[in-house]
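Colleague: I am new to this structure and would like to learn how to read it. Please give me the general idea behind each feature, then the case at hand.

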Amino acid sequence: VQLQASGGGLVQAGGSLRLSCAFSGRTFSRYALGWFRQAPGKEREFVAAISWNGGTTYYADSVKGRFTIPRDNAKNTVYLEMNSLKPEDTAVYYCAAAPTTDQATRSFRKAFLYDYWGQGTLVTVSS
């Protein structure tokens with residue numbers, strides 16, 4: 001499996017950005033997808049996850065109501081739509097794939113659930 005993240009960049013606080021993650025190598029619809037991020041000097045943290053069929057999603061409290069994680073199984077792509085961005089959202093964002101058909105729950109916060117990771121894309125939010 002290969003994951004290619006893109007869409008990062010510099011945005012002002014309050015702005016919006018959409019990240020994309022292209023999946024290849026296996027059957028996309030058999031995988032749950034997640035986004036994680038790592039800010040400078042901090043540990044990697046969970047951001048959002050979506051189940052294999054898009055039926056359920058789960059978000060970190062810090063992004064709930066501002067970020068959404070849609071997926072397009074026809075395009076083998078998962079997105080992270082980020083609105084009302086804050087300087088504390090600045091980080092390298094990583095997409096990841098987990099071979100599970102479970103519904104998205106708080107267990108999807110765990111990085112060990114994900115077998116495959118993309119290379120990361122940098123998001124910088126200026127104040």
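Modeller: Begin with a hairpin: S5 and S6 form one, with 6 residues between them, and Gly-54 in its turn has a positive phi of about 75°. Strands (E, at least two residues) and helices (H or I, at least four) are DSSP runs, numbered from the N terminus. This is a predicted model, in which local features need pLDDT of at least 70 and side-chain atom pairs count only at pLDDT 80 or more, while totals for chains, interfaces and linings use all residues. Residues are numbered from 1 along each chain as its sequence is written, and side-chain values use heavy atoms, with hydrogens and water left out.

Colleague: In which sense do S5 and S6 pair, and over how many bridges?

Modeller: Two strands pair if DSSP finds at least two bridges between them. S5 and S6 (residues 57-59) run in the antiparallel sense, over 3 bridges. Across this pairing, Ile-50 stands opposite Thr-57 in S6.

Colleague: Which residue stands opposite Phe-46 in S5?

Modeller: That is Phe-36. S4 (residues 32-38) pairs with S5 in the antiparallel sense over 5 bridges. The hairpin of S4 and S5 has 6 residues between the strands, and Gly-41 there takes a positive phi near 75°.

Colleague: Why is S5 described as largely enclosed by the rest of the structure?

Modeller: Buried means under 20% relative accessible area, exposed means over 50%, and partly exposed is in between (1.4 Å probe, protein chains only). S5 (residues 45-50) has 5 of its 6 residues buried, so the rest of the structure largely encloses this strand.

Colleague: How many helices and strands does the whole chain have?

Modeller: The protein chain has 0 helices and 12 strands. Its radius of gyration (over C-alpha atoms) is 13 Å, close to the 14 Å from the globule rule for 127 residues, so the chain is as compact as a globular protein of that length. The globule rule is 2.2 Å times the number of residues to the power 0.38. Of the 127 residues, 42% count as buried. The C-alpha trace spans about 40 × 25 × 25 Å along its principal axes.

Colleague: Is Trp-117 buried, partly exposed or exposed?

Modeller: Trp-117 is partly exposed, at a relative accessible area of 28%. This residue is found in strand S11 (residues 116-117). Contact means heavy atoms within 4.5 Å. Not counting residues up to four places away in sequence, Trp-117 touches several residues, among them Phe-36, Arg-44 and Tyr-94.

Colleague: What does the side chain of Thr-77 reach?

Modeller: A polar contact is a pair of N or O atoms within 3.5 Å; within protein, one must be able to donate a hydrogen and the other to accept it, and residues adjacent in sequence count only if both atoms are side-chain atoms. The side chain of Thr-77 reaches the backbone oxygen of Lys-75 at 2.8 Å. Thr-77 is found in strand S9 (residues 77-82) and counts as buried at 10% relative accessibility.

Colleague: Where does Thr-100 lie?

Modeller: Thr-100 lies in the loop between S10 (91-98) and S11. Thr-100 is buried, with a relative accessible area of 11%, and its side chain reaches the backbone nitrogen of Asp-102 at 3.0 Å. Leaving out residues up to four places away in sequence, Thr-100 touches residues including Arg-30, Trp-52 and Phe-108.
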